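Colleague: Could you take a close look at one part of this model, the place where two of its helices meet, and walk me through what is found there?
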Amino acid sequence: MDRRSFLASLALAFPAVTTWAGFPRIGLGFQILPLSKISKELPDWRGDIRKCEHYQYLVNHIGEHGVLHALHVRRMVNKVQVLDGARRYHAAIDAGLTELPCFVVDWDDKTSIRWFMASNT
């Protein structure tokens, strides 16, 4: 099974409407999205992501194996916004990828902030 088929099979394992760790997972579920649909307006609380320790290792690993852990994104008007996976997002760009695996949710601002804080601490 190739990587794309494997990732597509995950969509069957993770339905679009469910609850996980107290957060509703309501939206479009698992999708492989082009980078052009992912918002570049990312929270930058760590500073310059590209200066993080081991960043180049992450770029090389993603370039060789792809993104193995899907980003959590929320649906916006014309794009999606990254809630969890900013380093993977930037490393994928630097590695030359054109699409990323994402769990798409349809959350309000309050729920999105709760998820961002819980997953980025």
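Modeller: Contact here means heavy atoms within 4.5 Å, and helices (H or I, at least four residues) and strands (E, at least two) are DSSP runs, numbered from the N terminus. This is a predicted model, in which local features need pLDDT of at least 70, side-chain atom pairs count only at pLDDT 80 or more, and totals for chains, interfaces and linings use all residues. Residues are numbered from 1 along each chain as its sequence is written, and side-chain values use heavy atoms, with hydrogens and water left out.

The chain has 4 helices and 6 strands, arranged along the sequence as α-β-β-β-α-β-β-α-β-α. The helices to look at are α2 (residues 55–65) and α3 (residues 86–95), whose axes come within 8 Å and cross at roughly 65°; these axes are lines fitted to C-alpha atoms, for helices over the stretch in contact, and angles run from 0 to 180 degrees between N-to-C directions. The crossing of α2 and α3 is right-handed, a term used if the near helix is turned clockwise from the far one by less than a right angle.

From α2, the residues Y55, L58, V59, I62 and G63 take part, and in α3 they meet R87, R88, H90, A91, A92, D94 and A95. Sorted by class, this contact of α2 with α3 comprises 7 nonpolar, 2 polar and 3 charged residues, where Ala, Val, Leu, Ile, Met, Phe, Trp, Tyr, Cys and Pro count as nonpolar, Asp, Glu, Lys and Arg as charged, and the others, Gly among them, as polar.
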